[in-house]
Amino acid sequence: MSTAYDSCLFKNIFGTEEIRDVFSEDAYIKNMILTEASLAKAEGQCDVIPNDIGDAIYELGKDLTLSSIDKSLLGEQTDVVGYCVLPLLNQLTAQFPENLSGYLHWGATTQDIMDTASMLQIKKALEIVENYLSDLITILKDLAQKHKDTPMAGRTHWQHALPITFGYKCAVWLSSLQRSYNRLQELKPRCLLVQFGGAAGTLASLGNDPNKGLDVRAKLASLLGLNNPSITWHVARDGIAEIINLLAIICGSLGKIALDIIAMSSNELDEVSEPYIPHRGASSTMPQKRNPISSEYILASSKIVRANAGLVLDGLVADFERASGPWHLEWVAIPESFISTVGSLHQMKFTLDGLEIKADSMLRNLESTKGLIVAEAVMMGLAPFIGRHDAHEIVYKCCVKAHDGKAALYDILRYEQKIIDKVDLKVLKELCDPINYLGCSSSMVDDVLNLK
């Protein structure tokens with residue numbers, strides 16, 4: 001085993017068995033055979049080859065077991081040819097009756113078969129991604145609703161900024177996954193396309209009747225459950241790029257959640273913890289450690305998928321009517337990106353489903369700066385009485401005193417003559433309470449929860 005994705009040590013950290021099966025070598029070979037068989041059936045139904053021949057090839061091909069394929073020989077010949085379709089056809093031709101074998105791969109080219117086989121994998125993989133996204137959306141909706149009014153410190157530049165609620169934070173996380181779920185639905189008809197164009201994409205190999213080739217492509221798409229493109233796309237790789245870049249966006253969103261959880265899990269903040277399982281995140285030397293290990297792996301996978309997004313973007317720059325190289329990047333980037341993404345989704349589902357929320361710690365941290373977190377609230381509250389600029393300057397001066405003296409902001413403000421001349425101390429006290437400065441947090445949580 002040469003990579004983390006197939007390592008007995010790391011494979012279930014960076015992926016799941018379900019997604020590895022989708023991108024296994026066996027699955028890819030089966031998809032290529034199914035594509036060849038479906039092509040024959042489509043051509044038979046469109047009178048490009050005899051209909052009975054097409055049906056017979058389809059029935060034999062769709063049920064062909066991989067035990068009949070010599071994978072070692074296939075690998076050796078692929079190493080020589082550079083592509084795997086011709087070596088596979090050599091073996092299929094030898095197994096099919098002579099009256100059928102001559103109609104295999106009729107009018108097709110290597111990339112037709114490989115792209116379509118890959119697209120079948122992508123379609124199934126996107127179903128797995130969609131299911132995980134749906135589960136995470138449900139979990140985060142529950143967390144956002146439950147903690148809509150759980151106050152905590154909002155932070156910018158790692159410093160206290162303004163009060164928020166934990167439900168608001170969860171709703172922000174949720175909103176990004178909701179948008180990605182919608183993006184996924186939108187790209188399916190645009191990107192899950194069958195590939196069939198022949199040598200240069202024109203389908204000239206199926207004869208002079210222009211409708212024959214187009215009819216076969218439409219029928220092939222229908223048989224395989226893919227969408228029929230308007231034109232051959234083998235050198236227009238934007239669909240692949242869009243799919244992998246969606247995975248990068250998803251992983252970026254998961255990475256943001258993971259980074260928040262890592263920071264909030266620190267001993268100093270102690271606001272959340274990943275689910276406890278004996279020895280999960282343990283150290284070989286420090287018995288006290290409970291490292292946020294799932295979040296750490298999500299962060300790592302997020303970086304891998306974002307890097308692969310750049311690779312598939314390079315694949316867009318293809319020369320003429322058959323690319324001389326960039327397409328090959330996808331053979332590495334597509335499986336790796338999907339496995340990493342599903343691995344991250346799996347780790348995030350585990351983390352959020354059992355996340356330990358420490359509301360008492362959140363409140364303690366919110367109050368730890370003794371009112372400084374609502375300095376903006378005080379400034380805006382005083383502005384109608386003493387003017388916006390003077391309010392800013394006075395509150396800033398009082399914040400410095402509170403910082404230096406480790407005092408509560410209210411205890412400094414209440415002795416500021418320009419304030420007490422104009423503002424009742426009860427009003428000032430209310431301005432200094434973080435719970436009174438949550439803005440539209442609750443309403444925005446409701447808006448996110450009401451999205452379909």
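**Rings and cores in a predicted model**

Tyr83, Trp327 and Trp331 form one aromatic cluster.

Student: Before we start, what kind of model is this?

Tutor: It's a predicted model, where local features need pLDDT of at least 70 and side-chain atom pairs count only at pLDDT 80 or more, while totals for chains, interfaces and linings use all residues. Residues are numbered from 1 along each chain as its sequence is written, and side-chain values use heavy atoms, with hydrogens and water left out.

Student: How do I read an aromatic pair, and how many does a search of the whole structure find?

Tutor: A pair of aromatic rings is described by the distance of the centres and the angle of the planes. Here, rings of Phe, Tyr and Trp (its six-membered ring) pair if their centres lie within 6.5 Å; planes under 30 degrees apart are stacked, over 60 edge-to-face, and the rest tilted. Searching the whole structure turns up six aromatic pairs. Take Tyr83 and Trp327: this pair is stacked, at 5.8 Å centre to centre with 20° between the planes. The pair links distant parts of the chain, 244 residues apart, with Tyr83 in the loop between α5 (71-81) and α6 (85-95) and Trp327 in the loop between α12 (293-314) and α13 (329-353). Those helices are DSSP runs (H or I, at least four residues), numbered from the N terminus.

Student: And how do the rings of Trp327 and Trp331 sit?

Tutor: Their centres are 5.2 Å apart and their planes are at 85°, so that pair is edge-to-face.

Student: Is Trp327 buried or exposed?

Tutor: Buried means under 20% relative accessible area, exposed over 50%, and partly exposed in between (1.4 Å probe, protein chains only). Trp327 counts as buried because its relative accessibility is 6%. Tyr83, at 27%, is partly exposed, and so is Trp331, at 38%.

Student: Which residues touch the most other members of the largest nonpolar core?

Tutor: In soluble globular proteins, nonpolar side chains tend to be buried together. A nonpolar core here is a set of buried Ala, Val, Leu, Ile, Met, Phe, Trp, Tyr and Cys residues joined through side-chain atoms within 4.5 Å. The largest one has 103 residues, and Met32, Phe338 and Leu352 touch the most other members. Helix α8 (residues 110-146) gives the most to this core, 18 residues.

Conventions. Helices (H or I, at least four residues) and strands (E, at least two) are DSSP runs, numbered from the N terminus.
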